[in-house]
There are 2 protein chains.
Amino acid sequence: MIDLKKVIAGYSPDTAEIESVRKLSDDLMSKIREYCRIHGINADPLLVGSSSRGTSLRGADIDIFIRFKRSYGIREMEKLGLEIGHYVLMEGVEKYAEHPYVSSNEFGRKVDVVPCFMIDNATERITAVDRTPLHSEYLKTHLTDQQKDEVKLLKLFMRKQGIYGSELKTNGFSGYVTELLIVNYGSFLSAITHISNLKGKLVIGEPEATGKFASPVIIIDPTDQQRNAGAAVSLTALSILKLCGKTFLREPSESYFGMEPDKKPSKNVDRGTIFYIIRLKRPEIVDDIIFPQVQKMISSITRASKEYSFNIINSEYSVEDEIQVLLELETDILPEVKLHSGPPVESDNVIPFLEKNSGNDVMRGPYVIDGRIYVELKNSMNVYDQALAKILENADLGKHINKMKGEFKIQRYKGKLPDLKVSINFLSKRNPN
Amino acid sequence: MIDLKKVIAGYSPDTAEIESVRKLSDDLMSKIREYCRIHGINADPLLVGSSSRGTSLRGADIDIFIRFKRSYGIREMEKLGLEIGHYVLMEGVEKYAEHPYVSSNEFGRKVDVVPCFMIDNATERITAVDRTPLHSEYLKTHLTDQQKDEVKLLKLFMRKQGIYGSELKTNGFSGYVTELLIVNYGSFLSAITHISNLKGKLVIGEPEATGKFASPVIIIDPTDQQRNAGAAVSLTALSILKLCGKTFLREPSESYFGMEPDKKPSKNVDRGTIFYIIRLKRPEIVDDIIFPQVQKMISSITRASKEYSFNIINSEYSVEDEIQVLLELETDILPEVKLHSGPPVESDNVIPFLEKNSGNDVMRGPYVIDGRIYVELKNSMNVYDQALAKILENADLGKHINKMKGEFKIQRYKGKLPDLKVSINFLSKRNPN
């Protein structure tokens, strides 16, 4: 029998960690209060996030919000927020969400100091983060102590399946959504039982509120009926949760829980395909900007390759110090002939088409099939490395990656994959993890 | 300027041919009458078809119908019809349409002697051919002498484009349909002007009659409002007529007219593809049975190949003493990995799918994308000659061809095509011809 209590204990902060987090956050908040008092700033610190409500796992971040009176202008609030952040986080660096904030790892875990406006009701919010303190307040009265452990189980389950986190890197379930799922379903088992039997979207909320949203997961934020807290969750992430819920309930195992997915690469054998791997140095920009750009880069290349009749059957990427993009093709040499589909014979364009396609590059035709005219032309772009060079030259790969076009390293592999991080990602793709 | 009169003259029977056809058909009909008189058969011969109405081209067939009183039973009519046929055609052989008839080439051109029932109105017909004499009668009063030449022009135009003939070999325009087009449009130029500007179906007849039919060409038979005389015409044949009408009107040339399409093969160059050619002796069956079977064979092979992920990009055939089927593939070796698409994650079948796909043939996955689960499996049928052998063994290739499975010769060609009739057909595919 699987021991869920043991699972929880294995990943929960122990008494020492809880005490140290409490002490650290108290210290930081005292310093913030003092700074505000000395400088006559009308603002108040608040510990938010999972650490503030007992739903955090080992090593979790500390999120301290500084709530400014709404009489401050946005720019002033931002400026003072950074000032205070740098004051309490000596090694802090500035990061950007909707607004800048200060983040630091100097205390052995990530600490974010984020300015916001103080509101009592989501309708009063000026910036997106103003809502966050309301979430903490809501959860304080809606989660029992037992349920806090259930939240941890659900987080661990999602983490192991690679679907935890609302960042654009993951497109998964945020901590807050996980907590709302437990508020709604009562327990981990009840939540995954429900979701694994679910057909279609995951919807929580009153119909008049949920009806406005179209994404796969619609969970109305109890502190703001206008907001879908589950907007970031992709269909794939929801589907993985459904699938893994099913398999877990069928054969429960502790292997479904963990801080992150295991990499269990399948054997690196010759698949009879061709791999192209594009490598570039990672530009110094945050995950939430670089991940969507790499994804965009892959879909641009895939689309453009298809226009040259090259079929990318799989792709994968890795973003660490280096960006690595892997493209898998059935073949990288196409026939020298290419079917060119013309207009319907009824179209006025058919005569120009015939005139245009009468030269030396016609290999056969033109001929009519059903209602349309076709011609077979010489394909001068039938070798992929030429096509890829042209694609990378012309395609829009995203603002930051476009700047690095000159620095791409492109390598072709036939047979086994090279020893690279992207290869591990490629070979490890598996659900349930 | 193009001289249409010269075109007509070039392909029309000269005075000597007309006289000889008249004499031959008169002789045959006299013999038939005499035979009927002597044997007390209540039947009357009638010359039908283009030779009977001045719309025939050089070397045209002679079609003599023997019209039996309707008091005869069908089997008796058939028996007597064959008896008379063999009496007048000493070297005649029996052929089969809806009913058997006798056909011979002993007089230097094809002569068919076909029994039917005598009717005054299509509603009385017992067999499909009973209508044919009514067609001759109708056209006698609806085509002027000038229009008979226009019919010849239209026939020559269609013949050159390979769309003349309603047999299953061609799926084109019958002689009768050609005549009805001239009755309807008045002249060759007017007919092709109209058709080349036509969008959609070619429809001639009253809406209450045409409305019942769905084929690309709907031409109500004036002798039978229930019949679509254009039912045999394929969309491709109609489209070729539209296209060639356009190009001819734009730049008229005598090269658009002739007894059959020119074979103008494009250069036999390496297309960077693979050809498989299947050859078998032609079984002794008529065109209208063997052509559909060869077409069915090709579509069966194409469909089954697709199931093995082999993409037949082109096919062609030739049916003479030998049947030759050509298949063109981009490649005949596939990757050793194959994406296998599983059920939606919501389906009850997802667990059996996971259980089934957990063995040694899993190369990667299973994994979820959007709402579905996939797995990459080892493809053990990744070489086409193996796949084709299996396909030919299992597929239904049509009654007569199925019997010859043991006698197929299969050859693979990479690069240029071999010197075979099917290669000429393949390389000659071109519209306008």
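Reply: What follows starts at the interface and then moves out to the strands and helices.

The model is predicted. On chain B, 48 residues are in contact with 48 residues of chain A. The area buried between chain B and chain A is about 4300 Å². Carbon and sulfur atoms give 55% of that area. Three residues stand out on the chain B side: B:Arg271, B:Glu346 and B:Arg364. Together they supply 17% of what chain B buries against chain A, more than any other three residues.

Now the charges. The rule finds 6 salt bridges across the interface of chain B and chain A. B:Arg250 forms a salt bridge with A:Glu355. The closest N and O atoms of this pair are 3.0 Å apart, inside the 4 Å cut-off. Side chains of opposite charge can pair when their charged atoms come close. Polar contacts cross the interface of chain B and chain A too, with 32 residue pairs found at pLDDT 80 or more for both partners.

The largest share comes from α10(B), with 9 residues. By class, the residues of chain B that touch chain A divide into 20 nonpolar, 12 polar and 16 charged.

Follow α10(B) across to chain A. The sheet to look at there is an open one of 3 strands, in the order β12-β14-β13 (chain A), with antiparallel pairing. β12 (337-344) and β13 (362-369) of chain A stand at its edges. Each has a single partner strand, so one side of each is left without a neighbour in the sheet. The twist averages 20° from one strand to the next. Between β13(A) and β14 (residues 372-378) of chain A there are 5 bridges, and the two strands run antiparallel. In this pairing A:Arg364 stands opposite A:Glu376 in β14(A). α10(B) packs on this sheet, touching β13 and β14 of chain A. The direction of α10(B) makes about 110° with that of β13(A).

Chain A has another open sheet. This one has 5 strands with mixed pairing, in the order β1-β2-β5-β4-β3 (chain A). Its edges are β1 (43-48) and β3 (93-96) of chain A. Each of these pairs with a single strand, so one side of each has no neighbour in the sheet. Here the twist averages 30° from one strand to the next. β1(A) pairs with β2 (residues 62-68) of chain A in the antiparallel sense, over 6 bridges. A:Val48 stands opposite A:Asp63 in β2(A). A helix of chain A packs on this sheet: α5 (residues 132-142), touching β1, β2 and β5 (111-117) of chain A. The direction of α5 makes about 55° with that of β1(A).

Last, the salt bridges as a whole. The count over all chains comes to 60. One of them joins A:Glu179 to A:Arg53, with the closest N and O atoms 2.6 Å apart. This pair links distant parts of the chain, 126 residues apart. A:Glu179 lies in helix α7 (residues 175-185) of chain A, and A:Arg53 in helix α3 (residues 49-53) of chain A.

Note on methods: Residues numbered from 1 in each chain as written. Chains lettered and ligands numbered in written order. Predicted model: local features only at pLDDT ≥ 70, side-chain atom pairs only at ≥ 80, totals over all residues. Heavy atoms only, no water. Contact = heavy atoms within 4.5 Å. Buried area = accessible area lost by both parts, 1.4 Å probe. Salt bridge = Lys/Arg side-chain N within 4 Å of Asp/Glu carboxyl O. Polar contact = N/O pair within 3.5 Å; in protein donor to acceptor, adjacent residues only side chain to side chain. Helix = DSSP H or I, 4+ residues; strand = E, 2+ residues; numbered from the N terminus. Nonpolar A, V, L, I, M, F, W, Y, C, P; charged D, E, K, R; others polar. Pairing = 2+ DSSP bridges. Axes fitted to C-alpha atoms, helices over the stretch in contact; angles between N-to-C directions.
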